[in-house]
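Hi everyone, thanks for making the time. I have a structure to walk you through, and I'd like to take it piece by piece.

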Amino acid sequence: MSETARSLLNSAGLLAATLGLASGLIWLERRLLALWQDRYGPNRVGPFGLLQVLADMIKIFFKEDWIPPFADRPVFVMAPAVIIISVLMSFAVVPAAPGIGVVDLNVGLLFFLAMSSMGAYSVVLAGWASNNKYSLLGGLRSAAQMLSYEVFMGLSLMGVVVLAGSFNLREIVLAQRRIWFVVPQFLGFVVFLIAGLAETHRLPFDLPEADSELIAGFHSEYSGMKFGMFFVGEYLGVILISALISVLFLGGWMGPLLPPLAWFLVKTLFFICLFILFRAALPRPRFDQLMGFGWKAMLPLSLLNLMATAAVVLWIGGPR
Amino acid sequence: MRSNRAVEIEQAAMEGTTTTVGGKTAQAAADSASPARELGGAFPGLSLLPQESSDGIPTYWVPKEKARPILRFLRTGLERPFRMLYDLTAIDERARARQPGEPARDFTVVYHLLSYDRNQDIRLKVPLEGEYPALPSVTDIWPSANWYEREVWDMFGIGFEGHPHLCRILMPRTWSGHPLRKEHPARATEMGPFELPEEKQEAEQAALQFQPEEWGLARRGEETDFMFLNVGPQHPGTHGVLRIVLQLDGEVILDAVPEIGFHHRGAEKMGERQTWHTYIPYTDRIDYLGGVMNNLAYLLPVEKLAGIELPPRATVIRVMLCELFRIASHLVWYGTFAQDVGALSPVFYMFTDREKIFGIVEAICGGRMHPSWFRIGGVAQDLPRGWDKLVRDFVDYLPERLDEYDKIVMKNRIFKARTVGIGAMSLDQAVEWGVTGPNLRACGFEWDFRKKRPYAGYEQFEFDIPTATSGDCYARAVVRVEEMRQSLRIVRQCLENMPPGPYKSDHPLTTPPLKERTMRDIETLITHFLGVSWGPVIPAGEAMVAIEATKGSNGYYLLSDGNIHPYRLRIRAPSFPHMQMLPEIARGLMVPDLLAILGSIDFVLADVDR
């Protein structure tokens with residue numbers, strides 16, 4: 001198989017898999033939430049309600065795609081595309097298993113951080129372009145949240161980089177042959193998990209949309225497929241963060257018995273379910289409390305983690 | 001009865017209080033010191049004309065010029081003052097004959113004051129003459145008078161001089177006429193067909209535009225332009241059609257203007273056309289989470305007027321159902337409050353439990369949310385076979401669940417961070433703004449009408465009055481959660497001590513009339529027929545009984561002039577003053593806090609708007 005064909009196949013496969021998984025998550029989340037909330041969830045369409053996804057997709061495709069007359073049209077249309085594109089781009093650097101992955105960038109981790117910052121623009125632009133006060137508040141919250149959580153999201157990963165001595169995600173996985181980084185980098189793991197939650201706007205960090213306060217926040221004015229793109233974008237984000245956690249902290253595809261890809265998927269799925277459990281279990285903090293928590297607790301913690309890791313590595317004498 | 005001397009007034013007042021039922025009155029615990037005597041001391045030469053009332057609340061006619069000074073004296077001049085304006089309403093008197101000895105008038109404005117120190121009420125009636133009369137406002141004496149005076153203006157066209165912003169409150173601004181005036185049509189069939197041409201729709205839309213200047217709100221501050229945010233009438237956090245306009249600086253609330261009336265259905269107007277009996281189903285829909293609790297608030301004064309005493313079984317059935325509904329209402333509040341601060345799951349658990357209550361209610365009443373189960377003189381039917389097992393299963397089941405909710409809601413740290421110290425009101429504030437029920441008890445004041453003025457047989461039950469101290473959102477939650485446990489205690493006592501006997505009083509005015517008597521002779525048949533078709537004729541008089549409803553103190557002030565329907569029916573609903581004081585506790589907080597407060601004060605918009 002030629003190199004080009006292989007990478008084409010890889011890209012197409014990954015695209016199909018992530019989008020398929022993202023839409024599957026609609027069903028999974030609703031069923032899991034229902035399970036935890038003592039009810040049934042969608043169980044009528046197809047076996048176990050699995051075809052609910054299909055029904056939802058048909059519905060959303062045929063909904064009126066309404067652009068409010070007071071909105072800033074070009075930006076309004078562009079905003080949902082930005083989130084999908086930036087998240088899908090990030091998947092390019094995720095090594096699912098040996099030989100599976102779109103590209104091996106030696107700055108893979110930085111590329112992911114850059115792309116996730118891009119995603120923030122989507123929400124801010126959507127909030128601004130909607131020309132609606134609730135959307136604006138959502139957009140503002142999102143901007144502030146992103147700004148503060150991006151900072152230590154990056155910092156929390158630096159411990160991993162120091163240990164692995166590389167920004168290349170594949171090399172980071174291989175560096176965990178002896179021990180998964182979740183053990184030496186437990187603090188970094190926790191901080192990244194929280195930052196990841198914030199990054200994907202999942203409860204308890206769903207302040208930009210906060211339905212009981214801001215109706216639907218930044219996407220109040222969106223309907224039809226544009227709303228659908230935000231929706232899918234959020235799920236893609238959840239998958240991305242879960243995949244990255246397994247790559248960075250849980251040894252990616254490595255594990256006994258099962259084939260590498262299966263290990264990767266199992267680990268990712270575990271974190272996806274954990275994200276959904278958070279949503280079922282926790283209330284939402286207030287905006288200023290969230291910011292305070294970010295700057296006063298998370299940032300010092302991640303700095304501490306970075307310095308301690310660096311000191312230990314220097315003491316022992318370099319990576320590996 | 002007219003007298004210039006205080007002693008005689010005193011005597012007359014005491015006579016008024018002796019018209020009671022079963023020797024037990026709302027004023028049983030009342031202080032012996034009479035406000036009338038103290039008033040006589042402060043206003044020499046004052047002539048207070050007492051008015052007979054069936055509820056034992058001392059009621060006096062006060063001339064218009066004297067009303068304000070007297071009210072001010074009762075609020076500030078007394079040793080143990082009447083600090084709370086329990087209700088303020090009016091009566092259109094033009095459609096009925098004046099009783100001998102009463103002052104001439106076209107309208108009457110009624111002030112109902114409450115003193116917690118004395119555990120006593122006083123009712124002052126001000127006669128007004130003229131087509132659109134006016135009298136001085138008391139908003140500077142009680143801040144809570146603001147909305148009440150607006151309501152009286154809206155409903156009757158009675159003006160209040162010196163009111164800061166006298167405008168419509170329940171009816172839309174574009175409305176013409178004042179609905180509770182007797183000449184205003186009471187049915188849609190009395191008016192022309194409704195039409196909404198485009199111009200009219202645009203005019204209605206324009207009338208909804210918020211003008212900050214009207215409310216004395218600035219559009220810009222020294223450095224920033226303020227944002228005015230419409231929360232509602234359609235908003236997921238307002239639990240119904242409520243509009244709150246927020247003046248925001250960033251996300252900080254500088255001021256809030258609640259706009260109510262979207263849920264107004266003219267419940268008081270309907271009271272004037274329904275018979276005494278057929279009004280019962282309307283009451284269920286006032287506090288629509290309170291179910292039969294509303295029936296009770298309405299029927300207690302009706303039974304007072306009629307002089308009906310309840311058999312013990314009927315009393316206990318009523319208490320049991322009321323307490324079940326209190327739990328049901330608090331469960332809805334619990335779940336939705338948690339949801340307002342962002343917790344998705346609790347509401348599902350609590351609705352599941354509420355469903356179990358509805359299972360019991362359904363088995364007993366047939367209905368669920370609005371069973372309309374109480375009747376004049378008792379309840380509609382006896383308890384069904386096997387009711388005790390249903391109730392026992394429930395009282396055994398719920399405590400464990402409540403303990404679990406404590407863990408997932410009350411002890412959750414994010415929940416605490418969102419509610420502790422948020423939306424706090426002081427006890428003074430609460431009393432002045434007419435706050436009652438759990439919201440009052442959350443300020444550290446142990447006051448429960450069931451204990452302090454036992455009605456409907458509550459004196460036979462053992463339970464505690466839960467209180468909290470800080471008066472914030474969390475304290476309000478603590479009180480309600482504990483109240484559910486106390487209600488369970490009461491329900492258990494009902495279960496174990498349900499007395500045998502009839503479920504309805506043996507009194508000629510009970511409705512529907514007792515069937516056993518109908519087929520004896522033509523006279524009893526006619527009586528039954530009239531009782532069913534017209535309903536009973538309730539003797540003339542006026543009465544009100546304040547009860548501890550799910551949201552706070554609820555009371556129906558009924559005026560009968562010996563007819564098959566009330567001459568005037570006034571609903572004192574707890575949510576109305578609670579909603580009024582919202583800006584008071586929301587200023588300076590953030591938008592999410594507003595939602596936490598809305599969730600914590602537990603209002604029902606049908607109860608606000610009636």
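This is a predicted model: local features need pLDDT of at least 70, side-chain atom pairs count only at pLDDT 80 or more; totals for chains, interfaces and linings use all residues.

Let's begin with how chain B is divided. The domain assignment gives domain 1, residues 31–172, and domain 2, residues 264–609. Their C-alpha centres are 27 Å apart. As for contacts, 42 residues of domain 1 of chain B meet 37 residues of domain 2 of chain B. Between them, these two domains bury about 3300 Å², with 56% of that on carbon and sulfur atoms.

While we are on salt bridges, have a look at B:E542 and B:K125. They form one, and their closest N and O atoms are 2.6 Å apart.

Now to the inside. The largest nonpolar core holds 175 residues, and the members touching the most other members are B:L88, B:Y111, B:I158, B:L246, B:Y298 and B:M320. Helix α9 of chain B, residues 312–340, gives this core its largest share, 15 residues. And where does the core sit relative to the domains? Domain 1 and domain 2 of chain B both give residues to this core, so it lies between them.

Setting aside neighbours within four places in sequence, its contacts include B:V109, B:V110, B:Y111, B:V138 and B:F160. B:R570 is also among the contacts of B:L88. Apart from this core lies another one, of 79 residues, and among them are A:V191, A:F205, A:I239 and A:I245.

On to some strands of chain B. Strand β8, residues 227–231, is mostly covered, with 4 of its 5 residues buried. β8(B) runs antiparallel to β9(B), and 5 bridges join them. In that pairing, B:F228 stands opposite B:Q247 of β9(B). Strand β9 of chain B, residues 243–249, also pairs with strand β10 of chain B, residues 252–259, again in the antiparallel sense, over 7 bridges. Here B:V245 has B:V257 in β10(B) as its bridge partner. β9(B) and β10(B) make a hairpin with 2 residues between them, and B:G250 in the turn has a positive phi of about 70°.

That brings us to the contact between chains. 33 residues of chain B touch 26 residues of chain A, and the area buried between the two chains is about 2500 Å², with carbon and sulfur atoms giving 59% of it. Which residues of chain B lose the most area to chain A? Those are B:E251, B:L344 and B:I414, together 20% of what that side buries. Across this interface there are 2 salt bridges. B:D593 and A:R286 form a salt bridge, with the closest N and O atoms 2.9 Å apart.

To finish, some individual residues. B:S329 is in helix α9 of chain B and is buried, at a relative accessible area of 0%. Not counting residues up to four places away in sequence, B:S329 touches B:L289, B:T550 and B:K551.

B:G471 lies in the loop between α15 and α16 of chain B. Is B:G471 buried or exposed? B:G471 is buried, with a relative accessible area of 0%. Beyond four places in sequence, the residues that B:G471 touches include B:G423, B:A424, B:M425 and B:C443.

Two backbone angles are worth a look as well. B:N119, in the loop between β4 and β5 of chain B, has a positive phi of about 55° although it is not a glycine. With a relative accessibility of 9%, under the 20% cut-off, B:N119 counts as buried. B:R610, in the segment after α21 of chain B, also has a positive phi, near 55°, without being a glycine. B:R610 is buried too, with a relative accessible area of 2%.

Terms used. Residues are numbered from 1 along each chain as its sequence is written. Chains are lettered from A and ligands numbered from 1 in the order in which they are written. Side-chain values use heavy atoms; hydrogens and water are left out. A nonpolar core is a set of buried Ala, Val, Leu, Ile, Met, Phe, Trp, Tyr and Cys residues joined through side-chain atoms within 4.5 Å. Buried means under 20% relative accessible area, exposed over 50%, partly exposed in between (1.4 Å probe, protein chains only). Domain bounds come from an automatic or database domain assignment. Contact means heavy atoms within 4.5 Å. Two strands pair if DSSP finds at least two bridges between them. Buried area is the accessible area (1.4 Å probe) that two parts lose on being put together, summed over both. A salt bridge is a side-chain nitrogen of Lys or Arg within 4 Å of a carboxyl oxygen of Asp or Glu.
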